[in-house]
Amino acid sequence: MTPGSERQWMEPLSLANPRHAFLLKTAELLHQYGTPSYRLERVMGKLSASLDVDSTYLYTPTSLIISIGRGDEERTFLRRVDSGEVDVSKLLAFDAILEELEAGEITISEATRSLDAAATAKPTYSNWTTAAASGIACGSVAVLFGAGVYEGILAFLLGVFLCGLSYSAAYWGAERGLLEPLAGFLVAVISLLTAQHWIALDDRLTTLAALILPLPGLTLTVALTELALGHLAAGGARLAGAAVKLLTLVLGVGLAWRLIPGGMHTAGALPYTVQLPLPDWAMWFTLPLAPAAFAVLFRVPISQWHVIFMVSISGFLTSRSMGQWFAPEVGSFCGATVVGVGSNLYARLTNRPAMAAQTPGLLILVPGSLGYRSLIAMLESQTVQGIELAFNMTLVAVSLVGGLLFANLLLPPKRIL
């Protein structure tokens, strides 16, 4: 190869074309802040068409493969990007910038600067607010699971503790994958020792409620949605990641129960029961707290909270009532349909992404607790019960996916995100 030909071959890789550089940056940012594959690839396809650029995108939870150009001019780029937690505030900002660019209101250079500013903006909520929201989410879920006063308080404290633990792990640069088994181990130890030596409470229920946020129920639902829509690479990888995360969480819990005398129960029996039960109306008091906590955790701006409340509560009540009248999978399907239709209606009325309302609304319906209980039953040699719970988890997850797809059929979203 002559020096001149080498220079000709290297020149397109410099990304001197601002449109190409902008597409790469946008795809990385959408990937980084929790956009699933079926939304990201459609958004980038539409954006590329508006910029008159031929491009193809392949998304997996840990990488992006982007091909720009056709024929001899085609160049492929690989980006190693870890799919992070959903950050609704940043996705709303990105969506508004892309909308202005497509409308011709700003230039590509202005859009690039705006994307950088939005990506580096301070978090919507402080660490202390996020920690409090984690505790409220765990305590609220404990009440919805039938916990008493002691279980709810301990679940709240453990939720705050786990949030602090995640911040510490990020600060010290802990190895990825260490947090889940450590969280399961510490939560199980604290719950069990509290039940044995200080306050008689249901340690199993408390442990489950405290681990409700690390449980990968939402990841499982997103993975199945990706698989259903034909995004096999992203869906398969995300499904495997969810399974490993669940296994490591249960590994930590199982180690705690094996090490502490009295930790393992026989035949799935609970040695402690709720000692100070809450009245029936406590659920109606707690129900609005969970969506508020989820809104903080997903960094939803306060201006959008009313939508989160309406979508989340209506979806939960629909799922609960239909599940009692018919079957849990019917309830999950109907609840997801309500969440999907409500989110799409919000997107149509406000011209904002449906993800802003759909993700927090879906979290309260996902079957993470069923997967956890399935592995716990297996751990205690309750094989039949474990298989039954695993099958129920799969049915509920598939029902949620079906409900979301049916909602898109009833009321298609106006915005891709």
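Start by selecting Arg299, which is partly exposed at a relative accessible area of 24% (buried means under 20%, exposed over 50%, partly exposed in between, with a 1.4 Å probe and protein chains only). The model is predicted, so local features need pLDDT of at least 70 and side-chain atom pairs count only at pLDDT 80 or more, while totals for chains, interfaces and linings use all residues. Residues are numbered from 1 along each chain as its sequence is written, and side-chain values use heavy atoms, with hydrogens and water left out.

Helices here are DSSP runs of H or I with at least four residues, strands are runs of E with at least two, and both are numbered from the N terminus. Asp87 is buried, with a relative accessible area of 5%.

- Arg352 sits in the loop between α15 (328–350) and α16 (355–363), and Asp95 in helix α4, 257 residues away. Asp95 is buried at 5% relative accessibility.
- Glu99: the salt bridge with Arg352 is 2.9 Å, N to O. Glu99 is also in helix α4, 253 residues from Arg352. Glu99 is partly exposed, with a relative accessible area of 25%.

The count of salt bridges by this rule is eight.

Finally, select helix α2 (residues 18–32) and helix α3 (residues 37–50). They pack at an angle of about 160°, and their axes are 11 Å apart. Axes are lines fitted to C-alpha atoms, for helices over the stretch in contact, and angles run from 0 to 180 degrees between N-to-C directions. The helices are therefore roughly antiparallel (over 145 degrees; under 35 is roughly parallel, 65 to 115 roughly perpendicular, the rest oblique).

To see the contact (heavy atoms within 4.5 Å), show Phe22, Leu23, Thr26, Ala27, Leu30 and His31 of α2 with Leu40, Val43, Met44, Leu47 and Ser48 of α3.

Terms used. Salt bridge = Lys/Arg side-chain N within 4 Å of Asp/Glu carboxyl O.
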